[in-house]
Amino acid sequence: ASNCDSGLAGYQLFDQLNDPNKLVVLIAEGCSTVTQSLNAITKHFEIIQFSFLSTAPLLLDRSQYPFYYQILPSDNGLNPPRASLLKQFGWNRAVILLADAFTRNAHDLVDQARERNISVKLMYILDDDAFDMKGVLKKVKADDYRIIFLLLFAGTARKIVCS
């Protein structure tokens, strides 16, 4: 396991490529960023790569990821039901707290919500010790947002929820 470290995952992959036993299939990491990095190598060796957890919409681009298969729907595939739930319960505004890696997914959710006349605000979160997580939560509370989507990596999400 690489613990979401693309450099370590690349090193481990090169170790496997130098092994006399031919690598045919790679079970990808749970981090989409690592899956994307490894694909830059595996596609040249035509190694099939699949993942149970990497769900970045970018991974669905067959021209970039021809040997990648995901078991779960992409993050964008979850946005129509998310927006429909907002509509179903009469929630007409929400906020998304997100990291840069989830920007494409967040904008898709905003578009899905807009089609249903729901306002969704984006607030970017930095996974940095100097970043004021409590300040973000105060802003969310001051703006009276009751529906909050977290499009963050697990560690950052825990910091927000536990603040």
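Visitor: How much of the chain counts as buried, and what makes a residue buried?
Guide: Of the 163 residues, 38% count as buried. Buried means under 20% relative accessible area, exposed means over 50%, and partly exposed lies in between, with a 1.4 Å probe and protein chains only. One caution: this is a predicted model, where local features need pLDDT of at least 70, side-chain atom pairs count only at pLDDT 80 or more, and totals for chains, interfaces and linings use all residues. Residues are numbered from 1 along each chain as its sequence is written, and side-chain values use heavy atoms, leaving out hydrogens and water.

Visitor: Why is the pair of Phe89 and Trp91 called stacked?
Guide: Start with the rule. Rings of Phe, Tyr and Trp (its six-membered ring) pair if their centres lie within 6.5 Å; planes under 30 degrees apart are stacked, over 60 edge-to-face, and the rest tilted. That rule gives two aromatic pairs. In one of them, Phe89 and Trp91 have centres 5.0 Å apart and planes at 20°.

Visitor: Is Phe89 buried or exposed?
Guide: Phe89 has a relative accessible area of 51%, so it counts as exposed. Trp91 has 37%, so Trp91 is partly exposed.

Visitor: What makes Arg62 a charge over the ring of Tyr69?
Guide: The test asks for NZ of Lys or CZ of Arg within 6 Å of the ring centre and within 35 degrees of the ring normal. Arg62 lies over the face of Tyr69, at 4.5 Å from the ring centre. Arg93 lies over the face of Tyr145, at 4.1 Å.

Visitor: Where is Asn117, and what is its phi?
Guide: Asn117 is in the loop between α4 (103-114) and β5 (119-124). Its phi is near 60°, again a positive value in a residue other than glycine. Asn117 has a relative accessible area of 68%, so it is exposed.

Visitor: Why is Gly155 called partly exposed?
Guide: Its relative accessibility is 33%, so Gly155 falls in the partly exposed class. Gly155 lies in helix α6 (residues 154-161).

Visitor: Where is Asn21, and how is it classed?
Guide: Asn21 is in the loop between α1 (6-17) and β1 (25-27). At 59% relative accessible area, Asn21 is exposed. The C-alpha atoms of Asn21 and Gly155 are 36 Å apart.

Visitor: What size of box do the C-alpha atoms fill?
Guide: Roughly 60 × 35 × 20 Å, taken along the principal axes.

Technical notes. Helices (H or I, at least four residues) and strands (E, at least two) are DSSP runs, numbered from the N terminus.
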